[in-house]
Amino acid sequence: MKYAATPYTLSSSARSFLLAGLLCVFFLGACAQSDGYDLFAENDLDELVEAPYLPQDDGIPLSFSERIAFRSTGFLDASLSAEELKIVERHFKYYLHNHRPTIELYLTRAGAYLAYLRRVFMDNGIPEEIIHLAAVESGFNPRAVSRAGAMGMWQFMPATGRQYGLTQNHWIDERRDTFKATLAAVSYLKMLKARFGDWFLAIAAYNAGENKIEQAMRGTGAEDFFQLCRLNSRLSPKQRLKAETQQYVPRLLAMIKIMRNLEILGFTPPHERQPEAVATIKVAPGTDLNALASGIGMRLEDFRNLNPAYRSHISPPNESSAAYVPDTHRQTAVAWLAKTDSSKFAGWRRYQVRRGDSLYALARRHGVSTSLLMQANKMPNTNLREGATIIVPGGSSNTALAAAESKPPAGSSPAGSNSRPRAVAAGSTIHTVRRGESLYSIARSYGVSVDSLRKTNNMRADESFLSAGQKLGIPSKNAPVQRDAEEARLVVRKGDTLYGIAMQNKTSVEELIRLNGLTPGKPIMPGQEIRLP
């Protein structure tokens with residue numbers, strides 16, 4: 001738990017409010033660049049920014065209500081000396097005189113978690129006041145990340161998180177899982193209390209690590225936290241406690257005094273929402289989580305808030321995972337997950353875009369359509385940025401991938417190598433279907449449209465299933481555009497422009513842009529399919 005986790009946070013919901021001047025300076029980290037797409041950029045994270053370890057005393061005396069609040073005592077702050085109270089007071093003033101909006105922001109978040117945290121801490125014999133460690137660490141923000149790499153509401157560093165059973169990989173980070181991370185934090189705090197026999201030392205060790213505190217105690221002969229801080233200068237520079245650790249306990253005590261006296265200090269106490277009964281469901285590899293949320297009638301925002309551990313909208317493609325849904329949605333979720341197409345991204349892997357890569361080339365290489373790649377990566381357009389990370393099929397051995405866009409309609413029989421061969425147009429080039437290919441990928445590789453490929457092979461408009469070894473006739477690229485009662489399409493060839501296509505088909509560039517959802521001024525690419533009015 002690095003002390004980089006401090007009162008300053010940048011919340012996506014309060015960003016414009018805070019930037020207006022209520023808080024100082026923010027630096028956004030772990031965000032996607034604006035000139036490209038990166039599935040794993042995690043631009044939903046809120047970076048924590050360091051505040052002064054020991055704030056300067058502003059010289060403003062405490063008001064009457066502030067004195068009442070500051071003098072109140074509880075389990076942890078009942079026996080502080082006058083000298084120790086002076087240190088706590090500087091943090092108390094820092095929050096109240098300069099950063100009231102920070103406290104208000106914390107309170108808006110805390111309402112969703114306080115009842116749950118209080119129950120877990122009490123069940124484990126931890127003083128209730130220590131739940132406010134989550135305010136000091138992250139401001140009750142499960143998506144908080146520090147520049148040192150700590151993450152989640154309880155700001156676990158990677159190694160400590162793994163030690164307490166929190167999975168971290170390219171697809172999931174359970175340090176952001178409110179339920180699992182809270183249980184991990186409780187286990188860690190109980191261990192630290194058992195090791196040091198004192199809550200202040202245990203809390204300091206939560207920040208600095210138990211070995212650091214243990215070595216400092218041995219080196220100074222101190223018996224408690226504040227004595228350890230007073231004797232800190234006796235230690236060698238390497239053994240000394242950092243300023244962040246020396247001020248960590250006083251900062252928590254100041255936060256506890258504020259949270260204990262919200263109404264006296266003019267704050268609106270958080271509306272503590274009793275946690276809704278939550279069910280844990282087993283999610284198959286490669287499940288589209290956005291589709292899951294939509295399919296069971298949950299708002300996407302609610303699903304994401306309940307499952308912040310997922311690092312993308314696709315569950316880990318090579319192993320099952322656990323997701324939380326309201327208990328009232330459990331049966332619907334189980335039924336939705338039982339559908340055969342609910343995990344169509346199983347077996348996909350991460351891929352870092354290299355110079356010269358194009359979406360069309362990647363789709364052709366892996367035998368899937370560009371539309372499926374765009375869907376898997378939630379891409380707004382076909383642009384790729386060098387260095388961005390996307391997901392692509394994990395290999396041709398995964399038969400689910402080949403079937404992802406070529407599932408036969410119910411009641412139909414596949415036109416494969418064992419079925420009756422179809423007649424193809426005379427003089428057509430013959431293509432032998434390879435494993436993993438789809439109508440879309442074959443049409444792209446020959447620069448023809450899917451519609452013309454179907455018509456050349458006498459296939460129905462709703463038919464797309466292919467089998468390895470099947471023979472397909474390939475229409476000529478120079479064949480006239482096939483039109484029907486609704487629309488026509490053509491495949492862009494090298495040298496084509498929107499202006500030329502518009503002139504040839506007696507329409508306007510603006511109409512082509514509107515019809516195809518294109519970006520004005522962006523060139524079209526060979527192999528791209530264009531709808532015509």
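Strand 5 (residues 321–326) provides the largest share of the lining of the second largest cavity, with 3 residues. This cavity has a volume of about 70 Å³, while about 100 Å³ of space lies in the largest cavity. The model is predicted, and the values below are computed from it.

**Second largest cavity**

- The residues that line the second largest cavity are Ile172, Glu174, Asp177, Lys180, Asn307, Ala309, Tyr310, Ala322, Ala323 and Tyr324.
- By class, the lining of the second largest cavity consists of 6 nonpolar, 1 polar and 3 charged residues.

**Largest cavity**

- In total, the count comes to 3 cavities of 30 Å³ or more.
- The lining of the largest cavity is formed by Arg143, Leu289, Asn290, Leu300, Phe303, Arg304, Asn307, Pro308, Tyr310, Ser312 and His313.
- The lining of the largest cavity divides into 5 nonpolar, 4 polar and 2 charged residues.

**Second largest pocket**

- The volume of the second largest pocket is about 550 Å³.
- The second largest pocket is lined by 26 residues, of which Tyr360, Asn381, Thr382, Leu518 and Gln528 are the closest to its centre.
- The elements contributing two or more residues to the lining of this pocket are helix 17 (359–366), helix 18 (370–377), helix 20 (439–446) and strand 11 (529–532).
- Helix 18 gives the most to the lining of the second largest pocket, with 3 residues.
- The classes represented in the lining of the second largest pocket are 10 nonpolar, 10 polar and 6 charged residues.

**Packing of helix 9 and helix 13**

- Helix 9 (residues 199–208) packs with helix 13 (residues 248–260) at an angle of about 110°, and their axes are 9 Å apart.
- Angles of 65 to 115 degrees count as roughly perpendicular, and helix 9 and helix 13 are therefore roughly perpendicular to each other.
- The crossing of helix 9 and helix 13 is right-handed.
- On the side of helix 9, the residues in contact are Phe200, Ile203, Ala204, Tyr206 and Asn207, and they meet Tyr248, Val249, Leu252 and Leu253 of helix 13.
- The residues of this contact comprise 8 nonpolar, 1 polar and no charged.

Technical notes. Residues are numbered from 1 along each chain as its sequence is written. This is a predicted model: local features need pLDDT of at least 70, side-chain atom pairs count only at pLDDT 80 or more; totals for chains, interfaces and linings use all residues. Side-chain values use heavy atoms; hydrogens and water are left out. Axes are lines fitted to C-alpha atoms, for helices over the stretch in contact, and angles run from 0 to 180 degrees between N-to-C directions. Helices (H or I, at least four residues) and strands (E, at least two) are DSSP runs, numbered from the N terminus. Angles under 35 degrees count as roughly parallel, over 145 as roughly antiparallel, 65 to 115 as roughly perpendicular and the rest as oblique. A crossing is left-handed if the near helix is turned anticlockwise from the far one by less than a right angle, and right-handed if clockwise. Contact means heavy atoms within 4.5 Å. Ala, Val, Leu, Ile, Met, Phe, Trp, Tyr, Cys and Pro count as nonpolar, Asp, Glu, Lys and Arg as charged, and the others, Gly among them, as polar. On a 1 Å grid over the protein atoms alone, a cavity is a set of points where a 1.4 Å probe fits but cannot get out, and a pocket is an open set with protein on both sides within 12 Å along at least five of seven lines; lining residues have an atom within 4 Å of a point. Grid points are joined across faces, edges and corners, and a volume is the space filled by probe spheres set on the points.
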